[in-house]
Amino acid sequence: MTFDISLLEPNEVCINLKLLKRFCFFHLCDPKSKTLFNLNVYHIAYYIINCVIGCIVIYGLMGYVTEKENAFNIANDIQIMFVCILYYRCLIIIFTLIYNANNIWILLNVIKMHFLTSTQCQKHIGILQKHRKKSLKITNYISFLTIISVNLWILYPLVLMLLQKEDAYKSNQRFENIFNFRFPVTNSYYNNNFFIFYIIELSIGLPLAYMHSVNEIFFISLCCVMIAQYEMIQIAYKNVNSELNYENSNKHKNDVNINDCYDDLLSIMKDQQKLFEKLKLFHSTYKLVIVSNVVIYSWSIIILIYSSTLILFTSSDSIPMLSIIKLLSSIGTVIVLLLLLCYLLERINNIKESVHFGMYSCNWTSMNLRSRKMLLLSMQLNNANKLMIKISPRKIIDLQFFNSVIITCYNIISAMLNITSK
């Protein structure tokens with residue numbers, strides 16, 4: 001089945017097509033994109049951008065191995081750690097998108113409104129439309145949260161410089177920047193060329209925010225599509241043969257054409273297997289990203305809360321509240337993303353399992369023998385198709401796992417604060 005995003009309208013797909021087109025996401029995976037030396041030009045651009053960011057990050061960390069005029073600031077150093085973690089996360093995302101570009105392009109077939117072709121599934125197309133509206137709202141909200149957080153990080157050093165410019169010059173302290181990288185230069189040189197270093201750090205922040213947003217929007221949209229498609233299959237099984245006339249069934253029980261749901265069951269089973277193949281491709285493509293996201297989000301929550309707590313308790317004036325507001329915006333965004341990740345994966349697992357109950361709920365007692373055999377075969381295939389993303393052999397990523405992550409983060413932060421206070 002071929003896929004051409006240029007031929008599709010927003011109302012023909014189940015994802016936020018307009019938003020992803022603005023982010024130029026599809027160009028990364030489209031085999032028809034422009035090439036240079038047999039390489040996708042967008043892949044080359046991403047390689048160059050990541051190399052530049054990597055060089056800036058290394059240069060920004062070189063201050064730790066050179067002589068310093070001012071002492072270490074634990075809160076700032078922790079924020080640098082957060083940025084480095086985000087950078088490594090973006091490397092994983094880009095590696096996944098580029099290395100699996102062909103698989104993602106094949107996977108995009110599932111976003112079509114008419115991906116499930118059986119008559120029984122198409123009767124419930126409204127389910128897909130309902131989930132599409134939810135997906136649009138969620139992705140727009142996530143984009144809005146990300147934009148707010150990015151703007152707070154970008155505007156924070158400019159506002160702070162206006163408030164503390166004279167004090168910084170007198171004390172020979174560096175102006176606070178977006179990420180406060182320790183560039184290997186003197187404080188006076190840094191302050192005199194502050195806007196150059198500000199632009200350097202801005203050139204890190206904007207690409208990281210862009211790559212972060214693109215991945216989250218597509219991942220959330222794809223999960224919503226999978227949930228909607230499985231819900232359609234479940235209801236299709238449940239309603240198959242639901243209009244059967246029991247009296248006619250008893251009168252014509254020897255007639256193979258009466259009570260014969262074989263064709264309906266066969267078409268639904270084909271749709272189910274087709275969707276399972278896409279789910280399997282989705283798991284194999286995104287497993288590394290999902291597991292790394294759980295780890296990175298958990299560490300980000302710990303780092304950001306610990307940093308904001310240090311700032312709150314170690315400073316007496318009002319200006320650090322600006323820094324706390326900046327950090328709180330990121331904490332809220334990360335917690336929401338981790339919650340969505342766990343919730344959506346749990347919903348996919350649950351709705352996939354509920355297909356089996358949809359099979360049991362259909363009017364199977366009034367079917368003929370051939371239809372019952374087909375239904376039994378569908379049940380056996382559904383039982384055989386067990387697939388879940390796990391963080392460990394026994395740990396499934398779900399809302400219970402989210403609760404355990406938050407509790408673990410709280411315990412770690414409490415221990416870190418106790419050690420710091422001593």
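Leaving aside neighbours within four places in sequence, F282 is in contact with L107, F219, L222, C223, M226 and K287. The model in which these contacts are found is predicted. F282 is one of the residues with the most contacts inside the largest nonpolar core, together with F25, I204 and Y237. That core has 125 residues, and its largest share, 23 residues, comes from helix α9, which covers residues 194-239.

Of the 46 residues of α9, 35 are buried, so the helix is largely enclosed by the rest of the structure.

R89 pairs with E216, and the closest N and O atoms are 2.3 Å apart. Because R89 lies in helix α4 (residues 74-99) and E216 in helix α9, the pair ties together parts that are 127 residues apart in sequence. Are the two partners buried or exposed? Both R89 and E216 are buried.

In total, the structure holds five salt bridges. Two of them lie within helix α11, which spans residues 262-314. K274 and D271 meet through their side chains at 3.6 Å, N to O. These two residues are three apart in the helix, which separates them by about one helical turn. An α-helix has 3.6 residues a turn, so residues three or four places apart point the same way.

Loops come next, beginning with a buried position. I397 sits in the loop between α13 (369-384) and α14 (399-421). Its relative accessible area is 0%, and I397 is therefore buried, the cut-off being under 20%. Which residues does I397 touch, not counting those up to four places away in sequence? They are I290, V294, C342, L345, E346, N349, I389 and I391. The C-alpha atoms of I397 and L344 are separated by 9.5 Å, while the two residues are 53 residues apart along the chain.

C24 has a phi near 55°, a positive value in a residue other than glycine. C24 lies in the loop between α1 (17-22) and α2 (26-29), and at 31% relative accessibility it counts as partly exposed. N180 has a phi near 60°, again positive in a residue other than glycine. N180 is found in the loop between α7 and α8 (187-192). With a relative accessible area of 9%, N180 is buried.

The surface carries a nonpolar patch. It is formed by F144, I148, L152, L155, V159, L163, L322 and I325, which together have about 670 Å² of accessible area. Helices α7 (125-171) and α12 (320-361) each supply at least two of its residues, and α7 gives the most, with six. I325 is a member of this patch and is placed in helix α12. It is partly exposed, with a relative accessible area of 45%.

The overall figures complete the picture. The chain contains 14 helices and two strands. Of its 422 residues, 51% are buried. Among contacts between residues at least 6 apart in sequence, 79% join residues at least 24 apart. The chain exposes about 21100 Å², and carbon and sulfur atoms supply 62% of that area.

Notes
Residues are numbered from 1 along each chain as its sequence is written. This is a predicted model: local features need pLDDT of at least 70, side-chain atom pairs count only at pLDDT 80 or more; totals for chains, interfaces and linings use all residues. Side-chain values use heavy atoms; hydrogens and water are left out. A nonpolar core is a set of buried Ala, Val, Leu, Ile, Met, Phe, Trp, Tyr and Cys residues joined through side-chain atoms within 4.5 Å. Buried means under 20% relative accessible area, exposed over 50%, partly exposed in between (1.4 Å probe, protein chains only). Helices (H or I, at least four residues) and strands (E, at least two) are DSSP runs, numbered from the N terminus. Contact means heavy atoms within 4.5 Å. A salt bridge is a side-chain nitrogen of Lys or Arg within 4 Å of a carboxyl oxygen of Asp or Glu. Accessible areas come from the Shrake-Rupley method with a 1.4 Å probe; for residues, only the protein chains shown count as cover. Patches are made of residues with over 30% relative accessible area and no salt bridge: like charges are joined within 9 Å, nonpolar side chains (Val, Leu, Ile, Met, Phe, Trp, Tyr) within 5 Å.
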